[in-house]
Structure formats: structure tokens, C-alpha cells
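Please read this short report alongside the sequence and the 3D view.

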Amino acid sequence: MNNFHTHTYRCKHAKGDVLDYIKMARLKNVGELGFSDHTPLPDGWWQDVRMGMDELEGYVNAVLEGRKQNPNMRILLGLECDYSPDYVSFFQEIKQRYQMDYLIGSIHAFPYEGESVGCFQEGKVFDYKMLKAYAESFVKAMQTGIFTFMAHPDLFCLSLNGWNPEALSVSAYILEAAKALDMPLEINCSGIKKSMDMGKFEIAYPKREFWELAAGFGVKGIVSSDAHTPESLTQNMDAGFYLQKEYQIEPFVL
Ligand SMILES: [Zn+2]
Ligand SMILES: [Zn+2]
């Protein structure tokens, strides 16, 4: 078992540090562990859910120290990056400066009619125009070529009232681009607990209909827990592997 989407306390909404996750990885027989905390941003955007710029070096050193202390585990250094065209050169620069093994691209919010629309606004339902704006940002992020894989492509389903033809249309747009760009997509299992915590009747993501469609496009998938606590290091990943197997999504190996 591997997990390449792991956070630390530095992002202010996760618990535990590198060594706590490594300890759990040992207990759970996770042989490959990738750290991908939320990247600090130079303009301080959405600062309360990410580390500060002054914490980046400490984060890097913590992962490198964890790697040094655990030579029998494959430990990778990465970051989860909120895409905006303004940040692309910054992401490239820090990847090079700290010799990061990988970057995950994410769309948690996207520009829409001069505003930033988040995927986590409770009670908000995306109409077709908003869905298209989300997909547009997602595809632009993939086109930068700086990300190793893209996180939770189906995150927009948090803001849907069930699956609909508009959702299918923008999903096909994302999947077609992912296939053309050979960009792996993440089957993010954190959405299972999140959906249940939000009292949703259906699991918002990983969205079954999205992955069923993905199978037809032949995209690659990587199952992750998106752990924000050491105890949730492998939480609900069995459901992700089940989806991957059921729809014969080719596993991406990092
Ligand atoms: Zn997070
Ligand atoms: Zn995310």
C-alpha cells in the first residue's frame, strides 16, 4: 500500500508531523509515503489553510529527516499546489530549489465572473456556467505540465445536487484533456468521510459516475487518502481501489 497525498500540522487544518505519519505508515504496512502539504503562496491567498512561507524550509527538512531515519521506506517530498496562472513560476522555482519529487495540482477554488468560487461552500449548487469555469481552471492547470498528477478532479461534485448532464459534459471535457496530456488523476478517498460529515446522502467524491466515465477515456488513476491526521493515513482507500478495479482504471505509479 502507498499513499502520496499526506498533509502535516503546518497547513493549520491537519494534525501530526512527518514522523507521526511515518510511524503510522509502519503500523499499516505503507511502504511508500509521499508528503504533499498545502503550498505556501507568495501573495498570502487563503493563508488560514496553508503553511506560511517561513515554514516551507522546516517542512522540507522534516521530510528529509524522516527519510534519513527510515531508509527502508520510500519517502517522497512533494507539495499540493492551488493552481493559478500567477503561481506557476513560483511553483517551478520552489520545486527546483528544494528538489521536490513531485507536485500535485489542485483546484479548490476557481475564478468566475471576477470572483473566486470555492468548492467547499456548503449549500452552494454549481450551475453549468460555474461547472464550466471549474473545468476550465482544471484543464489549464494540467496544461502547465508542472504537476505529476491532479488531485480530486471530481471535487466539484460537492456542489452538485446529484449527477446531471452538465456534470457529465464538463467531466468529459476534463477527462479528454487528461488523456491527451497523459495526466494521471487522483481517486481521492477523503471525500467519503467528508460527504458523511456533511450529511450528504451520496458520496460526493470519489464520484462513481465520474470514474465510470473516466474508464471510457482511458485515463490513469492514483488512489490516495489525502490524510490530514496520522490515523487517517489509509482511511477509505479500499473504496478507491475498488472503484479503480471495477472500472479498470489503469493505476498510475509515482
Ligand atoms: Zn487540506
Ligand atoms: Zn485538496
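T148 counts as buried because 21 C-beta neighbours lie inside 10 Å; a residue is buried if 20 or more other C-beta atoms lie within 10 Å of its own, exposed if 12 or fewer, and partly exposed in between, with C-beta atoms placed from the backbone. This is a predicted model, in which local features need pLDDT of at least 70 and side-chain atom pairs count only at pLDDT 80 or more, while totals for chains, interfaces and linings use all residues. Residues are numbered from 1 along each chain as its sequence is written, and chains are lettered from A and ligands numbered from 1 in the order in which they are written.

T148 sits in the loop between helix 4 (128-143) and strand 7. Helices (H or I, at least four residues) and strands (E, at least two) are DSSP runs, numbered from the N terminus. Beyond its neighbours within four places in sequence, T148 is in contact with Y102, L103, I104 and L254, where contact means that the C-beta atoms, placed from the backbone, lie within 7 Å. L185 is 37 residues from T148 in sequence, and their C-alpha atoms are 9.3 Å apart.

Strand 4 covers residues 102-106, and four of its five residues are buried, so the strand is largely enclosed by the rest of the structure. Two strands pair if DSSP finds at least two bridges between them. Strand 4 pairs in the parallel sense with strand 3 (residues 74-82) over five bridges, and two bridges join strand 4 to strand 7 (residues 149-150), also parallel. G105 of strand 4 stands opposite C81 and opposite M150 in strand 7.

Strand 3, helix 3 (residues 88-97) and strand 4 form a right-handed β-α-β unit. Right-handed means that, with the strands pointing away from the viewer, the path from the first strand over the helix to the second runs clockwise.

## Backbone angles

Most residues other than glycine have a negative phi, and most peptide bonds are trans. Which residue has a positive phi of about 55° although it is not a glycine? D182 does, and D226 also has a positive phi, near 55°.

The peptide bond from Y205 to P206 is cis, with omega near 0°. P206 lies in the loop between helix 6 (190-197) and helix 7 (208-217).

Methods
Two residues are in contact if their C-beta atoms, placed from the backbone, lie within 7 Å.
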